[in-house]
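The following exercises are to be worked with the sequence and the structure in view. Each task is followed by its solution in steps.

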Amino acid sequence: MDLVAIEELSVRYGRRLVLDRVSLSVPEGSVYVLLGRNGAGKSSLVRCLLGEQRPGSGRVRLLDGDVWSGRAALLREVGVVPEEPDAPPSMNARQLARFCSGLYPSWDGAGFAARLERFGVPPGLPFGQLSKGQKGQVTLSLALAGSPRLLILDDPTLGLDPVARRAVFDELIVDLADRGTTVFLTSHDLAGVEGIADRVGILRGGRLLVDEEMDTLKQRFRRLRLPTGDGEGLEALEPVSVTTRGWGSEVVVAGWDESFARDDVEVAAMTLEEIFLSLVGQEGAR
Amino acid sequence: MLLLSYTHVSRSLRIDPADPRPIWRQIEENVRHLVASGALAYGAPVPSVRDLARDLQVNPATVSKAYQRLTDTGVLTVKRGEGTYVSDSPPDFSPRERGKRLLQGAVRYASLAVTLGADRDETRGTLEDAWSNLAGGAEEQTEEEREEWTSSPSKS
């Protein structure tokens, strides 16, 4: 079953089309990572998922229900970590947990306390006095304590130092291992999500450019280095970018084929970050 | 016999994001390599899916897939309620598969020998020494030497 199912979603702010017929789905037990530059439409998509933004057209289903009409009931089974963690500034983590425990049917109070301790967040300090990283960690701890079927994380490691970042991914990985949670997350942290994503979506200018399994995505992208002016056989490999260097050309291809054989071409595999940059790096190529 | 600690297993299993092989395959092949080299002894415990996933910062499902394939081919054995262990005997490869794997390693070693300017006799002699080292003199090896043996899995 798909816990998230988006079909032909379009959103318009005034005249500007911010999401253009986006379709994607997140099967139960999988991790979907949505990438895109700022302004690509990620936040609008998340707002639609959370029932905070009404789709201009298309359908958004969460846990097989209509999120716009059934928001309150559906979100009881969803853990959310927003981009800007928000809570009453005078409440401390312990008070926040007490408040939230009434909202979720299966609340894991012991897990919440243990997580806070691993993060090293003082449970008695008012939310408003916590650092940005600590706010995010409290929000994540609250989200996980609700034992959600689906976690929606909007750039959970944005602005965090490497230690805090690692701690966030550690908690996420442990939850995946222990409960098989389904995750939908947006991120700019490409190295961080590289090992975690089952499936990757890349938004550019409101369009979903890529919606694919991580393994197949990495199989089909390669960086080739070859002498300038000799593009024989390259068209079939679907070149997406060409850079001219002193020694020749660097070509990124999206349709790599193992049977391609040329002695003068050097072939290198690419990380998710390199693939992302090659697709959205050149703004002119819309 | 000197064995790799849990930390060393995780470190030797480190994955490479620039490697074209899927992560589960990298883990699978690295474990095979550790077992074949003796760094992970027959019967030794391996990290749980949860721990290894956290150490490598990868999806537990990915580790699980690698472990599943290793269990299916007899390299690892799951003991219910206890954990996952290296099987008590060598994996049962077909002679053809074993030959293929041997040749892959041999080509790498031969290429290294040629580029270093070693002749056939020296190359053969070193192989003999390495064999003796693996088989008997493991306790004389330092950890660094051992890691060197286990940290360069094949890239196909």
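**Exercise 1.** Determine the strand order of the open sheet of 6 strands in chain A, and state which strands are at its edges.

Solution. Step 1: the order is S6-S7-S8-S3-S9-S10 (chain A), with mixed pairing; strands (E, at least two residues) and helices (H or I, at least four) are DSSP runs numbered from the N terminus, and two strands pair if DSSP finds at least two bridges between them. Step 2: strand S6 (78-81) and strand S10 (207-213) of chain A each pair on one side only, and are thus named the edge strands. Step 3: from one strand to the next, the twist averages 15°. Step 4: strand S9 (residues 199-204) of chain A runs antiparallel to S10(A), joined by 6 bridges, and Arg199(A) has Glu213(A) in S10(A) as its bridge partner.

The model is predicted: local features need pLDDT of at least 70 and side-chain atom pairs count only at pLDDT 80 or more, while totals for chains, interfaces and linings use all residues. Residues are numbered from 1 along each chain as its sequence is written, and chains are lettered from A and ligands numbered from 1 in the order in which they are written.

**Exercise 2.** Describe the placement of helix H5 (residues 132-145) of chain A and its packing with helix H6 (residues 162-179) of chain A.

Solution. Step 1: H5(A) lies across S6 and strand S7 (150-154) of chain A, at about 175° to S6(A). Step 2: 13 of the 14 residues of H5(A) are buried (20 or more other C-beta atoms within 10 Å of their own, C-beta atoms being placed from the backbone). Step 3: the axes of H5(A) and H6(A) are 10 Å apart, at an angle of about 5° (axes are lines fitted to C-alpha atoms, for helices over the stretch in contact; angles run from 0 to 180 degrees between N-to-C directions). Step 4: the two helices, H5(A) and H6(A), are therefore roughly parallel (angles under 35 degrees). Step 5: Gly133(A), Gln137(A), Leu140(A) and Leu144(A) of H5(A) meet residues of H6(A) including Ala164(A) and Glu171(A); contact requires C-beta atoms, placed from the backbone, within 7 Å.

**Exercise 3.** Which element gives the largest share of the side of chain A that touches chain B?

Solution. Step 1: 17 residues of chain A are in contact with 16 residues of chain B. Step 2: H6 and helix H8 (214-220) of chain A give two or more residues to that side of chain A. Step 3: H6(A) supplies the largest share, 6 residues.

How values were computed:
Parallel < 35°, antiparallel > 145°, perpendicular 65-115°, else oblique. Contact = placed C-beta atoms within 7 Å. Buried ≥ 20, exposed ≤ 12 C-beta atoms within 10 Å, placed from the backbone.
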